[in-house]
Amino acid sequence: MKAINIREFGAADVLELADVPNPEVRPTDLLVRVYAAGVNRADLTHRTGGYGNPNFGDSLIIGLEIAGEVIAKGDLVSGFEVGDRVMGVVGGGAYAELARIDYRMAMLIPAQLDYVHAAAIPEVFVTAHEAMMHLARLKSGDSVLIHAAAGGVGSAAVQLAYATGATVYATTEGRKLARVEHLGADVAIDYKTQDFAKVIADKTNGRGVDIVIDFVGELYFARNIASLAHGGRLVQVGILGGGGRVSVELEHILYRHLQIMGTVMKSRTQPEKHDMIKRFREHWLDRFDGAGSLEPVVDSTFPLSRAADAHRRMESSENVGKIILTMQPADLV
C-alpha cells in the first residue's frame with residue numbers, strides 16, 4: 001500500500017510517499033480503507049522527533065485519525081461489520097491507504113457526513129469533550145474561556161460549550177474573530193491587540209470565568225489563574241507556547257478553591273482511551289445531524305502525496321479548523 005514515510009526527523013520535506021506493507025489485523029482490529037485522515041499538531045511533533053523515536057505507539061507510520069470503510073475485522077470485534085463507514089483515533093498509521101484501528105476507538109460515521117468532514121471529528125472533538133465536559137464539568141449557565149479557538153480542538157470546544165448553554169469567551173487573532181463568533185463564541189478576543197484577562201475582568205464585572213481551556217502554556221498561565229472565578233477550573237490541553245516553568249501563589253488555589261488539571265490523549269492507557277471515545281460518542285455523536293447543531297470545521301484538504309504541504313499549512317497557523325489528507329486513487333501517485 002501507499003503511505004507517508006519519514007526518512008529522517010526534520011522539516012516538512014522529509015515526508016515522502018512510499019510503498020509499505022499492509023498492516024496486520026489483530027483480533028480487536030478493524031482494517032479500514034482510509035479515504036481521509038486528519039492532520040494534528042502531534043504529527044508535527046512526531047515528524048520533528050519530539051517523541052524521541054519514530055514509532056508513535058502502534059505504527060511506524062505517522063497520523064492519528066482516520067475516516068474510511070471497513071474491509072476486514074478481527075475475531076473479537078463486535079458492533080462493526082465489513083462495509084461500515086467508520087471514523088476514529090489510531091495509535092499511528094493514519095497517513096496510509098489502509099489502517100488498522102482498535103474497534104473500541106472507532107465510531108460509525110453519521111449518514112449525512114462525507115469522509116473529509118468525518119475525519120475532522122475524532123481527535124479534536126474527543127479531546128475537547130474530555131477537557132471541558134468530563135474534567136472541567138462544564139454545565140449550562142457556566143462561563144468558559146477557550147484559547148486558540150480557531151484551531152482544531154479550540155473550534156470543537158467552542159461548539160460544545162455553546163451547545164451546552166455556556167457563555168463562551170474565546171481568543172484568536174483578529175482576522176479569525178468572525179469565524180469564531182459564528183461557531184458560538186459570545187465574546188471573541190484578539191489576543192494580539194487585547195489583554196484577555198482584562199477583557200474577562202471587564203465582561204464579568206471582576207468575577208472571572210468558571211473554566212479556562214488552554215493550549216498555550218507558560219505565557220498565559222498567570223493570566224489564566226487571574227481570570228478564574230471562585231471554584232474555577234483550568235485545564236491545560238497543550239503547550240503551544242513552549243513548556244517552561246510557571247509559578248502560582250498557593251493562597252490563590254487554596255482560598256479561591258481553584259483546580260488545575262492537565263490532559264493529553266497520547267499518554268493515556270488504552271482502556272482510558274476507550275472510555276474517552278465512549279463518553280464522546282454517547283454524549284455528542286447524534287448531534288452531527290446536519291441541522292446545524294455541531295459542525296466539523298474543515299480548513300483545507302491536501303492529497304496524501306502532498307502531506308508536506310499540509311504540514312506547512314499547519315505550521316503557518318493560518319488554518320481555521322482541521323487540515324485533512326485525502327486518499328482517493330488520484331491522490332496516491
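This is a predicted model: local features need pLDDT of at least 70, side-chain atom pairs count only at pLDDT 80 or more; totals for chains, interfaces and linings use all residues.
Leaving aside its neighbours within four places in sequence, which residues is Thr171 in contact with? I looked, taking contact as heavy atoms within 4.5 Å: Thr171 touches Leu145, Ile146, His147, Ala148, Ala149, Ile189, Tyr191 and Phe196.

Residues are numbered from 1 along each chain as its sequence is written, and side-chain values use heavy atoms, with hydrogens and water left out.

Next I checked where Thr171 sits. Thr171 belongs to strand β9; strands (E, at least two residues) and helices (H or I, at least four) are DSSP runs, numbered from the N terminus. Thr171 is buried at 1% relative accessible area, the cut-off for buried being under 20% (1.4 Å probe, protein chains only). Its side chain makes a 3.0 Å polar contact with that of His147. Polar contact here means a pair of N or O atoms within 3.5 Å; within protein, one must be able to donate a hydrogen and the other to accept it, and residues adjacent in sequence count only if both atoms are side-chain atoms.

Then I moved to strand β8 (residues 143-146). I found both faces covered: Ser143 and Leu145 are buried on one side, Val144 and Ile146 on the other. β8 pairs in the parallel sense with β9 (residues 167-172) over 4 bridges, pairing needing at least two DSSP bridges. I also found β8 parallel to β11 (residues 209-214), over 3 bridges. Ile146 stands opposite Ala170 in β9 and has Ile213 as its bridge partner in β11.

Technical notes
Buried means under 20% relative accessible area, exposed over 50%, partly exposed in between (1.4 Å probe, protein chains only).
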